[in-house]
Amino acid sequence: MLLLDKLTVDYGGLRALSEVSFEVLQGQFVAVVGANGAGKSTLFKAISGTVRAAGGSVRLDDIDLLRVPPHERAHLGIAHVPEGRKVFSSLTVYENLELGAHAMNGRKVFKESLEFIYQMFPILAERRQQLAGTLSGGQQQMLAIGRGLAAAPRLLLLDEPSLGLAPVVADEIFDRIGQIHKERNLTILLVEQRVGEALEACDQGVLLESGHVVKVGAREDLMKGESALRTAYLGI
């Protein structure tokens, strides 16, 4: 479904990604893990088009995404839930979800998507007329994920969904993400620093270190590879 081949990105005057290659199959849940500065968020920005690639390729099925303008990638079925949530604070919960459905597929099935979002996150149904900026951090993260789902995506990019959340709230978010994946067979690419939870939830993991892929493998293989994880996170 998604194939990255030697993707290279220069960002802020530095080489943020260097010849990154891996594949995400239809229906897979893939976690990208690594320390701060490993290039995880830059990877997502290159896929969604908010940063330019310096080399390599990114293909969605037979489509070369690097030739597609960023605003058109959403219409191909890519939804990017950014780090830090970035909800529209002055709009209501419902209006945020409605904006998420601007993509072609999202507009067609918005009613059905809304029902599913409210099923996954009942608090959003209860507070649908509340301004997004008045929600708690956990509720805003639920809204950000719901806004991504409103696009009816084929590929959902989740960037650090646990960032800034209390552990109990982050655990709830992870439970919901796993449920969404199972119920919708939705292809999910997750960036996350909580490596244990990320690898526990995924089918496959990608370990990044300083912009390079250190290891790609099944969840069990990466969780056994403690030395590689220690090197990537602790430098030892």
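**Reading a predicted fold, step by step**

The protein exposes about 10800 Å², and carbon and sulfur atoms supply 50% of that area.

Biologist: I'm new to this one. What kind of model is it?

Modeller: It's a predicted model. As for its make-up, the protein has 11 helices and 10 strands.

Biologist: How do I read the radius of gyration of the protein?

Modeller: Set the value beside what a compact globule would have. For 236 residues that would be near 18 Å, and the protein has 17 Å, which agrees. Along its principal axes, the C-alpha trace spans about 50 × 40 × 35 Å.

Biologist: And how many of the residues are buried?

Modeller: Of the 236 residues, 52% are buried. For contacts, look at how far along the sequence the partners sit: among those between residues at least 6 apart, 68% join residues at least 24 apart.

Biologist: What should I look for inside?

Modeller: Here's the general idea: in soluble globular proteins, nonpolar side chains tend to be buried together. In this structure, the largest nonpolar core has 46 residues, and Leu124 and Ile145 have the most contacts inside it. Helix H5 (residues 110-120) gives the most to this core, with six residues. There's also a second, separate core of 27 residues, with Phe22, Val32, Leu60 and Leu208 among them.

Biologist: Which residues is leucine 124 in contact with, leaving aside its neighbours within four places in sequence?

Modeller: Those are Val93, Ile117, Tyr118, Gln139, Met142 and Leu143.

Biologist: Why is helix H1 described as largely enclosed by the rest of the structure?

Modeller: Count the buried residues, meaning those under 20% relative accessible area. H1 covers residues 40-48, and eight of its nine residues are buried, so the helix is largely enclosed. The buried ones include Lys40, Leu43, Phe44 and Ile47. Just after H1, glycine 49 takes a positive phi of about 100 degrees.

Biologist: Is valine 213 buried, partly exposed or exposed?

Modeller: Buried stops at 20% and exposed starts over 50%, with partly exposed in between. Valine 213 has a relative accessible area of 27%, so it counts as partly exposed. Valine 213 lies in strand S10 (residues 212-218). Not counting residues up to four places away in sequence, valine 213 touches Val20, Ser21, Val206, Leu207 and Leu208.

Methods. Residues are numbered from 1 along each chain as its sequence is written. This is a predicted model: local features need pLDDT of at least 70, side-chain atom pairs count only at pLDDT 80 or more; totals for chains, interfaces and linings use all residues. Side-chain values use heavy atoms; hydrogens and water are left out. Helices (H or I, at least four residues) and strands (E, at least two) are DSSP runs, numbered from the N terminus. The radius of gyration is taken over C-alpha atoms; the globule rule is 2.2 Å times the number of residues to the power 0.38. Buried means under 20% relative accessible area, exposed over 50%, partly exposed in between (1.4 Å probe, protein chains only). Contact means heavy atoms within 4.5 Å. Accessible areas come from the Shrake-Rupley method with a 1.4 Å probe; for residues, only the protein chains shown count as cover. A nonpolar core is a set of buried Ala, Val, Leu, Ile, Met, Phe, Trp, Tyr and Cys residues joined through side-chain atoms within 4.5 Å.
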